[in-house]
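Here are some questions about how the labels given to parts of a structure follow from computed values. Each reply sets a value against its cut-off and then concludes.

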Amino acid sequence: MTLSSHDFSSVPEITPNQFILDESREQLTYPRFILFYAPWCPACHARFPQIQRIHTYLSFIEPKYRPFTIVRCNIDQYPELGKQYSIQRFPTFGWMNRSGMVQLFPSSIHITQFIEDELDKMNQSLGTLYKMTLSLDTV
């Protein structure tokens, strides 16, 4: 059963192969903020508009200055990833650093604060002035 929801198909779907760094790619181009979700999950669908807004916001930042990308992972489609990362509830958020290490966060994470912190880190290292101008936590 799939709930009708907002379309967030523009947010890239990550596959198991994209969790593996091979010898030709020692680091990711960008860290990744990952939404682990299930299509039948009402709480996941409640987060979809927020995730879409974050993705849209990041798309306006010039790629070489982008602090991270946002992707989604359907655990029903890739149950091996749910097992590998011990996903117990939906949604679960993950942060994959450039080395490919994944840290999980509960669905109660305050996404706006997390993103503002990442933008602040980017601004400090690059001397840029990116700030969020809309409330991404409003659903």
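Q: Which residues form one aromatic cluster?
A: In this predicted model, the cluster is formed by F33, F68, F93 and W95, and the structure holds six aromatic pairs.

Q: What makes the pair of F36 and Y85 stacked, tilted or edge-to-face?
A: The ring centres of F36 and Y85 lie 6.1 Å apart, with the planes at 40°; because pairing requires centres within 6.5 Å, and planes under 30 degrees apart count as stacked and over 60 as edge-to-face, the pair is tilted. F36 belongs to strand β1 and Y85 to the loop between α2 and β3, so the pair ties together parts that are 49 residues apart in sequence, and both residues are buried.

Q: Why is the pair of F68 and W95 called edge-to-face?
A: The planes of F68 and W95 stand at 70°, with ring centres 5.4 Å apart, and since an angle over 60 counts as edge-to-face, the pair receives that name. F68 lies in the loop between α1 and β2, whereas W95 lies in strand β3, so parts that are 27 residues apart in sequence are tied together.

Q: How do you know whether F68 and W95 are buried or exposed?
A: Buried means under 20% relative accessible area; F68, at 0%, therefore counts as buried, and W95, at 11%, counts as buried too.

Q: Why is S86 called partly exposed?
A: S86 has a relative accessible area of 46%, and because buried means under 20% and exposed over 50%, S86 is partly exposed. S86 is found in the loop between α2 and β3.

Conventions: Residues numbered from 1 in each chain as written. Predicted model: local features only at pLDDT ≥ 70, side-chain atom pairs only at ≥ 80, totals over all residues. Heavy atoms only, no water. Helix = DSSP H or I, 4+ residues; strand = E, 2+ residues; numbered from the N terminus. Buried < 20%, exposed > 50% of the residue type's maximum accessible area, 1.4 Å probe, protein only.
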